Amino acid sequence: MDFMKISKYNVFIPYSNALFIYNTLWNTVFVIKKDKVKIWGIEYIQKYEIPPIDANAINVLKEKKIIIPDHIDELNLIQEKLSRAKLDESRYTMIIVPILKCNFRCWYCYENHEHKRMMSANDLEKIELLVYKIIQTKNNLKTFDIQFFGGEPMIGYNKIVKPTLIFLKPILDAAKIKMTVGITTNGYFFYKGESVFFA
Ligand code: SF4
């Protein structure tokens with residue numbers, strides 16, 4: 001008989017008349033109506049206990065990795081993933097923080113919004129030089145991943161985000177390196193319909 005346990009990486013997100021369970025390690029989503037929460041034994045899952053529900057329901061939760069076999073060491077899986085990422089010479093990720101300031105004040109935010117200075121044109125030049133150096137020294141580089149973070153990076157869209165993408169794209173194209181772009185944003189400026197360009 002397989003012993004089972006509850007994954008440590010389930011996040012419970014109530015929304016409207018549903019409950020979303022997102023597993024951040026396995027990248028799975030399970031959605032149930034709120035009036036079915038008790039039937040599915042969600043209160044047990046939240047206490048890391050296997051719920052007293054029938055085998056079919058348990059199998060659904062297993063498929064969604066909300067419940068996993070006891071022998072799986074999830075922390076070890078994450079460490080292995082990190083080690084593989086560190087050794088992967090084909091990908092480079094650069095995180096750019098245009099500004100720490102934010103137009104929101106979320107209660108859970110850990111950022112210190114005191115530093116209001118935007119990155120400067122001088123900082124952009126340094127990024128450009130760094131990218132050249134990375135391209136020259138990393139022979140197996142296939143993907144250059146740029147992540148904009150903050151504060152709210154879209155405050156620096158015109159001064160930093162857009163110019164960075166405009167100067168990086170041709171450099172990476174010439175070196176036949178794929179560029180991928182991500183931005184961690186509260187979405188306000190997208191919602192406002194301000195023009196957005198991702199090269
Ligand atoms: S949107 Fe992000 S950076 Fe801004 S206050 Fe909220 S959590 Fe912090």
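1. Let's start at the ligand: its shell splits into four nonpolar, three polar and three charged residues. Here Ala, Val, Leu, Ile, Met, Phe, Trp, Tyr, Cys and Pro count as nonpolar, Asp, Glu, Lys and Arg as charged, and the others, Gly among them, as polar. The members are C102, F104, R105, C106, C109, E111, G150, G151, E152 and N186, where being around the ligand takes a C-beta atom, placed from the backbone, within 6 Å of it.

2. Before going on, note that this is a predicted model: local features need pLDDT of at least 70 and side-chain atom pairs pLDDT 80 or more, while totals for chains, interfaces and linings use all residues. Numbering runs from 1 along each chain as its sequence is written.

3. Next, the sheet. It is open, with three strands in the order β6-β7-β8 and parallel pairing (strands are DSSP E runs of at least two residues, helices H or I runs of at least four, numbered from the N terminus; pairing takes at least two DSSP bridges). β6 (91-96) and β8 (178-183) are the edge strands, each pairing on one side only.

4. Look at β6 beside β7 (residues 143-148): six parallel bridges join them, and T93 sits opposite D145 in β7.

5. Helix α3 (residues 74-87) has 14 residues and spans 20 Å from first C-alpha to last, close to the expected 20 Å (1.5 Å times one less than its number of residues).
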